[in-house]
Amino acid sequence: MSYQALYRKYRPRDFSDVKGQEAIVTTLKNQLKSGRIGHAYLFCGTRGTGKTTVAKILARALNCENLGENGPCGECARCQAIEEGSSMNVVEIDGASNNGVADVRQIVDEVNYAPMDGGRKVYIIDEVHMLSESAFNALLKTLEEPPEYLTFILATTDPQKVIPTIQSRCQRYDFKRISVETIVARMRELLDSEGIRAEDRALNYIARVADGALRDALSLLEECISYFFKEELTFEKVLTVVGSVDQTVYHSVTQALIEGEVDRVIGTVDELVATGRDLTQFAKEYVWYLRNLLIVKTGNDVRHLIDMSDENIEQLRIFAEQLEEEQIVRYIHVVSRLTADMRHTSNRRVEFEIALIRLCRPQMERDYDSLIDRMKEMERELERLQDGLEAGMYSVSTAGPATGTPGTEPAAKPVEVPKPIRPEAVPEDVREIVASWKHIEQSIVASGHQLLGAKLTNVLLSVDEDGSLVLGFRERLERDYFSGNPEKVEQLREIIGEATGKQVKIVVKDVSDAKDRVGITDLRDIIKNVPIEVKED
């Protein structure tokens with residue numbers, strides 16, 4: 001007999017072998033016992049969770065001559081014929097390649113013929129969401145009034161694409177992701193049958209990478225077994241096959257991010273690429289690493305929640321003392337977005353490096369999470385400056401201006417640094433507008449002015465000496481949109497008035513150059529958490 005993949009060789013033959021879907025299995029077994037068989041079932045869930053497997057078991061059970069406690073007996077003539085694929089009672093159809101109205105009409109014509117040897121006629125349509133709308137409509141009448149001997153089992157990974165009229169005529173079962181513990185137990189069972197040794201840590205890692213899909217776990221397990229033929233499967237060997245990295249690399253990256261060392265971060269990326277590591281897999285694993293870091297930061301006894309050695313957990317505790325919770329959450333958000341963006345980019349390395357640089361340089365962003373990072377960076381800079389002053393590395397001169405002694409260079413003219421704006425110095429109307437800016441942005445979009453809102457995405461909000469609201473634009477196109485169109489400025493002023501009840505004068509400024517931004521403070525940085533008392537008219 002030719003070789004079979006593990007997921008095929010050990011595919012469940014009855015309901016007792018199905019793992020991780022106990023609620024669905026119990027419901028179907030009770031229906032078989034009571035004879036309350038539905039005419040249409042809709043099995044939904046991610047790949048590898050057992051939809052097609054349970055559909056085949058149910059199809060055999062509906063035709064079995066010796067139905068038992070756990071479903072089909074597997075020994076009667078009908079069960080064997082279905083298993084061999086020679087039975088006319090069970091028809092499997094791939095919805096991805098048979099998705100036209102002509103394919104469905106052929107099914108509709110065939111269902112009028114009763115089963116030849118008794119039993120029940122079952123149609124299993126996999127990936128049913130791939131059917132066209134006309135194909136769904138052609139199937140609708142048969143689903144609504146099927147013959148008494150007919151059962152449809154529809155399986156899909158994307159139930160939202162199944163039209164509501166089809167869903168309403170089916171019993172829907174949602175297959176959940178299988179837990180890591182269940183996947184590990186199943187893999188251990190199969191490895192014992194195959195006489196293969198493997199570390200628990202290696203199996204746990206495979207189960208976690210599979211992300212709730214037992215079939216994916218078995219496929220990855222088989223790949224590892226084939227690569228290290230007749231050898232014990234260890235954690236390090238699994239890392240080699242998967243293309244992932246050891247925890248020490250994540251420690252190194254995190255330390256570099258905390259210290260803002262872009263060179264070290266980019267150097268790590270270069271090493272990963274040079275050793276053939278998968279950057280997408282690294283990003284997915286790093287999200288999980290950061291999740292563990294957040295748990296260590298927010299919890300006390302976390303050892304039962306983290307699958308790590310004591311040494312690695314202790315290292316996480318060191319990082320947790322150096323980071324705020326908001327910073328870790330920002331890291332998770334940026335890396336999570338990275339895993340999604342890397343699916344659609346032609347140059348994953350560049351996308352990967354940009355994301356890590358953004359983590360090292362929070363000043364590149366203006367959201368609340370990055371503001372926390374910027375504040376922490378300022379604190380570190382002040383600490384370094386203080387240490388330098390104490391060590392005598394820097395000196396502070398209090399002497400007056402140079403007298404111009406011959407042979408000496410005149411002292412450089414001191415640069416006048418504008419005093420920072422204090423929240424209480426900002427006019428009340430401007431303060432309330434800045435504090436409500438998120439609401440104003442929502443009002444702009446809700447009023448149908450999407451282009452106007454898009455031009456304000458990166459605007460800098462400030463105030464001038466006259467108490468006017470200053471809109472500072474770093475991009476020329478955005479600035480020209482307002483400065484060249486006074487009616488747009490008036491339109492924005494009206495929307496602000498409707499949203500806040502405040503009327504202010506608006507001034508448009510060009511802050512594309514660094515020198516243009518001297519003395520201009522983005523009020524959102526200082527008014528973010530200032531309580532504003534809104535007066536009722």
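Biologist: Which residue in S7 is the bridge partner of Leu460?

Modeller: In this predicted model, the bridge partner of Leu460 in S7 is Gly472.

Biologist: How do you know that S6 and S7 count as paired strands?

Modeller: Two strands pair if at least two bridges are found between them, and S6 and strand S7 (residues 469-473) have four bridges, running in the antiparallel sense. By that cut-off, therefore, S6 and S7 are paired.

Biologist: What makes S6 and S8 the edge strands of the sheet?

Modeller: The three strands form an open sheet in the order S6-S7-S8, with mixed pairing, and strand S6 (460-463) and strand S8 (506-510) each pair on one side only. From one strand to the next, the twist averages 30 degrees.

Biologist: Which helix packs on this sheet, and which strands does that helix touch?

Modeller: Helix H23 (residues 486-500) packs on the sheet and touches S7 and S8, and the direction of H23 makes about 125 degrees with that of S8.

Biologist: Which residues of H8 and H9 meet?

Modeller: Among them are Val180, Ile183 and Leu191 in H8, and Leu203, Ile206 and Arg208 in H9. By class, this contact has eight nonpolar, one polar and three charged residues.

Terms used
Residues numbered from 1 in each chain as written. Predicted model: local features only at pLDDT ≥ 70, side-chain atom pairs only at ≥ 80, totals over all residues. Heavy atoms only, no water. Contact = heavy atoms within 4.5 Å. Helix = DSSP H or I, 4+ residues; strand = E, 2+ residues; numbered from the N terminus. Nonpolar A, V, L, I, M, F, W, Y, C, P; charged D, E, K, R; others polar. Axes fitted to C-alpha atoms, helices over the stretch in contact; angles between N-to-C directions.
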